[in-house]
Amino acid sequence: MMISKVNGISFKGSYWNEKIKYPNGIEYLNWVDGEDYFCKYMIDNPNGIISDLEQCKKDLKWTKRIDKSIEFIQGSRKFLNERIFGIVGLSHLTTVFDIGNDRVLKISEENPFEYRKHNPKFDIPLIGTVEEYNGFYGYIQRKADTSNIGLNNVLEVKRKMRKAGFIPSADFSDYRIDQIGVYNGESFLLDSRCAVKQNNLLTRFTKWFEYNFNQEIILISPDLDADVEIKHVDEKPLPNYTIKEAYARIKKVIRSWK
């Protein structure tokens, strides 16, 4: 099980072994190697989205993260009729709120469909549209079951992605089970930015040819910024080569044989 830490907050799937009780909520934690990892936080009696967010902030002490969500809701005037039953997921740039009725509300600093459209063949069902306000995005998805996810679920989603003409982003390895959930018995991708439109046939062939037949010695410079924290993985689709660019690259590989 992968554990990720987010600005002092950690998220480890849905497994927990201890909890903290508040007057109107419970925080579930997992004690691993002498440290507490956040699993989820549930509200006993939701009152309304702004009031519920204020409760999340008070109990969890996540001032900056929750204040951004409050600013988005109040500024966009969207989702005001919803209630929050808890927080069930985190990443560096996204908070996942359980809003009941088999739904989650995600508030994020990233547009989930910046580079492509929602694909029902492998994306978790999207309810409504993606709303934007002041650099933040809010959208509702179906709530997936994220317990007991394994490699088979990841590979199933990747097969569906490739069949639809997409490839995994650099942020989606075979062991990123936290990117996958099960809904109505099917495995779906939860983070839509993990699927990138694949290059055309000419570009794929050129890259394959370069990788397998280039005889030149390529020196890789050391990463001088290895200790710098990476905010997020660049998931922008790589451009396709023009015929001229592809020809030049193939020709360069052939010259390396001499």
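Asn-30 stands opposite Tyr-37 in strand β5. These residues belong to strand β4 (residues 25-32) and strand β5 (residues 35-43), which pair in the antiparallel sense over eight bridges. Pairing here requires that DSSP finds at least two bridges between two strands; strands (E, at least two residues) and helices (H or I, at least four residues) are DSSP runs, numbered from the N terminus.

The model under discussion is predicted: local features need pLDDT of at least 70, side-chain atom pairs count only at pLDDT 80 or more, and totals for chains, interfaces and linings use all residues. Residues are numbered from 1 along each chain as its sequence is written, and side-chain values use heavy atoms, with hydrogens and water left out.

I turn to the sheet as a whole. Its eight strands form an open sheet with antiparallel pairing, in the order β3-β4-β5-β6-β7-β8-β10-β9.

Next, strand β10. How many of the seven residues of β10 are buried? Six are, so that definition matters: buried means under 20% relative accessible area, exposed over 50%, and partly exposed in between, with a 1.4 Å probe and protein chains only. Strand β10 (residues 136-142) runs antiparallel to β8 (residues 103-108), joined by six bridges. With β9 (residues 126-133), β10 pairs in the antiparallel sense over five bridges. Within β10, Tyr-137 stands opposite Ser-108 and is also the bridge partner of Glu-132. In the hairpin of β9 and β10, two residues lie between the strands, and Asn-134 takes a positive phi near 50°.
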